[in-house]
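This report covers a ligand site and a helix pair in one protein. The sequence and structure come first.

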Amino acid sequence: MQIKTREIDINIGEAIRLGFSKNPKSISSMFLYDAEGDRLFQKIMKMPEYYLTRCEEEIFRTQKEQILKEMRAFEEPFNLLEFGAGDGSKTKILLHYLLENGADFTYYPVDISRHSLSGLVHSLQQEIPALKVQPMNFEYFEAVREAANLNHRRNITLFLGSNMGNFTQEQAVVFYKKFARERKPGDLLFVGIDRRKNPHIISHAYDDPHGITAAFNLNLLQRMNRELGADFDMEAFRHYSFYEPVSGEVRSYLISLKNQQVYFEALEEQFFFKKDELIHTEISKKYSPEEIDRLAEEAGYKVLRHFTDERQYFLDSLWEIG
Ligand code: AVJ
């Protein structure tokens, strides 16, 4: 299986230079997902505190029929794209149901992690050999461009698991507007979003007592040690994350525990960190259903329907373009 790729566009060294020249310093959350980051995120999804994955799974398990009917998935052929496909565990529920009921489609999983993409393709070949798959190792914006030129078929795009939470609200509007410009009328977008809820529940999901989220965040520094010959001292940084319930944003940081300098061999450059200085690494934005309606409308979409779980923790929203 050929994985379409354009790796030159994902230059981690350039991104670090740019991010470390900002105040506060920052690293894009897309770099969390190397092989080790993928492994740690798998562990996060299994933690009792990280409710998101199980909630979305529940929605798919209990409402797959209504979801796919609303998508008109059995009426005409289509391309099924998925941004940030990861291990595809939730999507497989839909894929099985689609094939069992004779839908005519090809699955295009898009992921920034080449590692998780090849794992996904392998498991799909084992578990659903009849599925037509074309994996794409792209960053989201590249994938949007690439997907625009696939063929004349209708596109149904999945953007699940609260992956869009990594955008601020403004970035999300820009992303969806750009996406809408490249699409045909009648194309659909199915977005998984984590809902606002009791702040304690959200805080625990991102600052777990097992230290797995901390390890996931700190892996960014280890990745730079591995890939860019940096000499980060892992004992000298600490994970910090908090949920701010008015903005609805979880913000994650790495704190420098002392004055220190870090040399990057690959960049031939040195960076300084003051004691208590922060590196911003991720945001995970939460939405109310009303905010989702407004966001969709602002970006040029019509909301067809919301699907939610029993506890109303999570929401999958189906949008029509144009
Ligand atoms: C994969 C982006 C959906 O923000 O909830 C989990 C990543 N970060 N714990 C999220 C994550 C810390 C996750 N997403």
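Which residues in H2 meet which residues in H9?

## Contact of H2 with H9

The model is predicted. On the H2 side, the contact is made by Glu36, Gly37, Leu40, Phe41, Lys43 and Ile44. Their partners in H9 are Ile212, Thr213, Ala215, Phe216, Asn219 and Arg226. By residue class, this contact divides into six nonpolar, three polar and three charged residues.

## Geometry of the helix pair

Two packed helices are described by the angle between their axes and by the distance between those axes. For H2 and H9 the angle is about 180° and the axes are 9 Å apart. Angles over 145 degrees count as roughly antiparallel, and H2 and H9 are therefore roughly antiparallel to each other.

## The shell around the ligand

There are 13 residues around the ligand, and those that come nearest are Tyr50, Gly161, Tyr206, Glu282 and Ser284. The shell consists of six nonpolar residues, six polar residues and one charged residue.

Helix H2, spanning 35-46, and helix H9, spanning 212-228, each supply at least two residues of this shell. Strand E12, spanning 278-285, likewise supplies at least two.

For tyrosine 206 the distance from an N or O atom of the side chain to a ligand oxygen is 2.5 Å. A polar side-chain atom of tyrosine 50 is 2.6 Å from an oxygen atom of the ligand, and for serine 284 the corresponding distance is 2.7 Å. On its own the ligand has 350 Å² of accessible area, of which the protein covers 98%.

Key:
Residues are numbered from 1 along each chain as its sequence is written. This is a predicted model: local features need pLDDT of at least 70, side-chain atom pairs count only at pLDDT 80 or more; totals for chains, interfaces and linings use all residues. Side-chain values use heavy atoms; hydrogens and water are left out. A residue is near a molecule or strand if one of its heavy atoms lies within 4 Å of it. A polar contact is a pair of N or O atoms within 3.5 Å; within protein, one must be able to donate a hydrogen and the other to accept it, and residues adjacent in sequence count only if both atoms are side-chain atoms. Accessible areas come from the Shrake-Rupley method with a 1.4 Å probe; for residues, only the protein chains shown count as cover. Helices (H or I, at least four residues) and strands (E, at least two) are DSSP runs, numbered from the N terminus. Ala, Val, Leu, Ile, Met, Phe, Trp, Tyr, Cys and Pro count as nonpolar, Asp, Glu, Lys and Arg as charged, and the others, Gly among them, as polar. Axes are lines fitted to C-alpha atoms, for helices over the stretch in contact, and angles run from 0 to 180 degrees between N-to-C directions. Angles under 35 degrees count as roughly parallel, over 145 as roughly antiparallel, 65 to 115 as roughly perpendicular and the rest as oblique. Contact means heavy atoms within 4.5 Å.
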